[in-house]
Structure formats: C-alpha cells, structure tokens
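This report describes side-chain contacts and surface features. Please look at the sequence and the structure before reading on.

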Amino acid sequence: MLAAVGTRVRLHLGRLLTERHQKVILLQCPSSGVLAEKMHKVPGGRRPSSFDKKILLWTGRFKTEKDIPLNIMPEMLNAARNKARIKTCYIMIVATVIACFIIITLSKRVARLSLKAARREEDCGSAACRAAPHGWF
C-alpha cells in the first residue's frame, strides 16, 4: 500500500483511518534519501482543550504547556482529572476547617461582648448611673 507523491512516499495502515485519527511521522530512508510519511492511528486520542491543559499542568503530568502533545490518550486525561478532583477535595476540607475555627472565634467574641453589655445594664440599674452620660463608663 505505497502511494508515491513526488519524492514522498505515504504508508497507509488501513483504509478506514480518518484524517482526525492519523498521526504523521516523517521518516528519512537512509539508502534512497526519500522522505516517507508513516501514518498510524492513535486509538481514542483526543485534542485537549485549554482547561484540560491546565489540569494536566496542575496535576504534574507535564512541566510546561509546550510539552503537551496535540493528541492525548483519554486514560491520561481521566487520571489527571481524578487527581485534580482529589486535590480540590483536600483544599476544600482544609478551607472548611479554617472557616469553622474562624466562626468559633467570632462567635465567642460576640458572646463575650453581649455578656458585657448585659452586665452593664444590670449594673446601671441605679439612678446615679442613669443620670450619667452614656460614654462615661
């Protein structure tokens, strides 16, 4: 199944391959010096979106965005998404614990202030305290 096009030779590995599922590799034949394109199917490969690329970078699959290939395996993307879900859950757990401590400290502060206000009202039951301006105690 060789088809000569000028000086290039194209190897087809099956007739049912579509252009979307083909990956082209240029090969230099050492004996004749002819360039050949080898086309093969990437099973289930898909092009990652910009969000998928961010997930792949965040989970540590690739160092930079330039390292990410044009087509990636769905299994790799699923594994990266699962790892991102786990990291997100851990972040949410830590944020929830921190928020709980903040709410506890704020509610204790409000309870102390309301207790002080209640004591002031009890102490201010005398006539001398009522006659005094409010900012003096």
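## Salt bridges and surface

The structure holds two salt bridges, a salt bridge being a side-chain nitrogen of Lys or Arg within 4 Å of a carboxyl oxygen of Asp or Glu. The model is predicted, so local features need pLDDT of at least 70 and side-chain atom pairs count only at pLDDT 80 or more, while totals for chains, interfaces and linings use all residues. Residues are numbered from 1 along each chain as its sequence is written, and side-chain values use heavy atoms, with hydrogens and water left out.

| Salt bridge | N to O distance |
|---|---|
| Arg46 and Asp52 | 3.5 Å |
| Arg81 and Asp52 | 3.0 Å |

Arg81 lies in helix H2 and Asp52 in helix H1 (residues 50–58), so their pair ties together parts 29 residues apart in sequence. Helices are DSSP runs (H or I, at least four residues), numbered from the N terminus. Arg46, Asp52 and Arg81 are linked in a network of salt bridges.

Is Asp52 buried or exposed? Asp52 is buried, with a relative accessible area of 3%. Arg46 is partly exposed at 34%, and Arg81 is partly exposed at 29%. Buried means under 20% relative accessible area, exposed over 50%, and partly exposed in between (1.4 Å probe, protein chains only).

Lys87 lies over the face of Trp58, 5.1 Å from the ring centre. For this, NZ of Lys or CZ of Arg must be within 6 Å of the ring centre and within 35 degrees of the ring normal.

Val97 belongs to helix H2 (residues 74–123) and is partly exposed, at 41% relative accessibility.

Notes:
Helices (H or I, at least four residues) and strands (E, at least two) are DSSP runs, numbered from the N terminus.
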